[in-house]
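This report is meant for a reader meeting the structure for the first time. Please look over the sequence and the structure before reading on.

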Amino acid sequence: MNFTKMHGCGNDYVYVNGFEEKIELTRKPDLVRRLSDRHFGVGGDGVIFINPSAEADFEMEMYNADGTRAEMCGNGIRCVAKFVYDKGLTDKTHICVVSAGQIKELDLMLETGSLESGKRGEVSKVRVNMGSPVLEPAMIPVEAEGKQVVDEPVWVDGREYRMTCVSMGNPHAVIFAKNVMQMELERIGSQFENHTRFPKRVNTEFVEILDKEHCFMRVWERGTGETLACGTGSCATVVAGVLNGFLCQRVWVKLLGGELLIEWDREKNLVYMTGPAATVFEGRIDLTDNEVY
């Protein structure tokens with residue numbers, strides 16, 4: 001099976017061309033775990049299959065590293081855009097991609113191609129309309145009373161944290177704190193992920209405010225662990241920051257793997273994410289013995 005390793009701000013996935021590679025659905029969770037393994041497989045935060053779609057230009061079928069399905073990935077969907085354009089699956093620089101029933105619109109930003117070689121430009125950055133943030137507890141989902149969960153206490157590992165919950169197609173609990181770089185995410189991240197208040201588990205962002213237009217974020221993603229970046233988490237962070245009065249509506253989110261520009265248009269209630277997408281390498285794996293070459 002052919003594959004492509006890609007990343008957005010260090011949030012890396014193995015990408016499979018579903019137009020050419022036909023994998024039975026029942027085999028995918030085990031295959032995802034094998035491919036995602038950083039010691040015995042290709043290595044990544046998960047696997048994304050790029051498939052034909054009747055309702056959009058392409059479908060993004062996304063799996064976490066543990067083989068579970070995920071609804072949305074901001075960094076992953078930017079790489080999908082780069083994949084389909086750079087490989088000639090589309091000539092359009094404005095495309096629609098559907099993931100778990102959610103359709104996102106993407107604008108592709110190109111590097112300048114070489115006129116001498118006749119090579120067209122490749123995608124370097126992508127701006128994604130991530131849609132409207134969901135704040136109703138039952139829709140996130142999170143067990144809570146009231147219409148929103150903003151600066152609400154939650155007890156984890158014997159300590160009280162203050163969380164703001166947002167769904168950007170997948171559930172997020174945003175925690176504003178100091179000295180985020182020194183936090184023991186390996187210890188507390190999984191406890192947030194599997195907390196009883198989150199019926200479908202949760203992605204947790206630990207955020208340090210730098211100023212109104214800049215913040216630093218670390219993230220624990222359900223089914224994967226700490227990753228170098230999270231696009232939907234960055235969107236949720238800015239929404240949560242605005243709701244708490246910490247951030248303005250246009251923010252640079254600094255991550256371990258890079259930086260994303262997040263904009264929340266309050267009038268239209270739409271969140272936009274702009275960031276890079278990069279190809280690491282191409283490969284082929286023998287699925288009979290998991291040998292990569």
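## Terms and basis

A residue is called buried under 20% relative accessible area, exposed over 50%, and partly exposed in between, with a 1.4 Å probe and protein chains only. This is a predicted model, in which local features need pLDDT of at least 70 and side-chain atom pairs count only at pLDDT 80 or more, while totals for chains, interfaces and linings use all residues. Residues are numbered from 1 along each chain as its sequence is written, and side-chain values use heavy atoms, with hydrogens and water left out.

## The chain as a whole

The chain has four helices and 18 strands, where helices (H or I, at least four residues) and strands (E, at least two) are DSSP runs numbered from the N terminus. Its radius of gyration is 19 Å, close to the 19 Å that the globule rule gives for 293 residues, so the chain is as compact as a globular protein of that length. That radius is taken over C-alpha atoms, and the globule rule is 2.2 Å times the number of residues to the power 0.38.

Of the 293 residues in the chain, 54% are buried. Among contacts with a separation of 6 or more, 61% are between residues 24 or more positions apart, a contact being heavy atoms within 4.5 Å.

## Strand 12 and its partners

Strand 12 (residues 214-221) has seven of its eight residues buried, so it is largely enclosed by the rest of the structure. Two strands are said to pair if DSSP finds at least two bridges between them. Strand 11 (residues 203-211) runs antiparallel to strand 12 and is joined to it by seven bridges, with Phe-206 standing opposite Arg-218; a hairpin through two residues connects these strands.

On strand 14 (residues 250-255), the pairing with strand 12 is parallel, over three bridges, and Phe-216 has Lys-254 as its bridge partner there. Strand 13 (residues 225-227) is antiparallel to strand 12, again with three bridges, and Val-219 is partnered with Thr-227. Three residues lie between strand 12 and strand 13 in their hairpin, where Gly-223 in the turn has a positive phi of about 80°.

## Two individual residues

Pro-276 lies in strand 16 (residues 270-276) and counts as partly exposed because its relative accessibility is 28%. Beyond its neighbours within four places in sequence, Pro-276 is in contact with residues including Gly-8, Arg-78 and Glu-259.

Thr-90 sits in the loop between helix 2 (74-86) and strand 5 (94-99), and with a relative accessible area of 9% Thr-90 is buried. Leaving aside neighbours within four places in sequence, the contacts of Thr-90 are Phe-58, Val-84, Tyr-85, Ile-95 and Arg-120.
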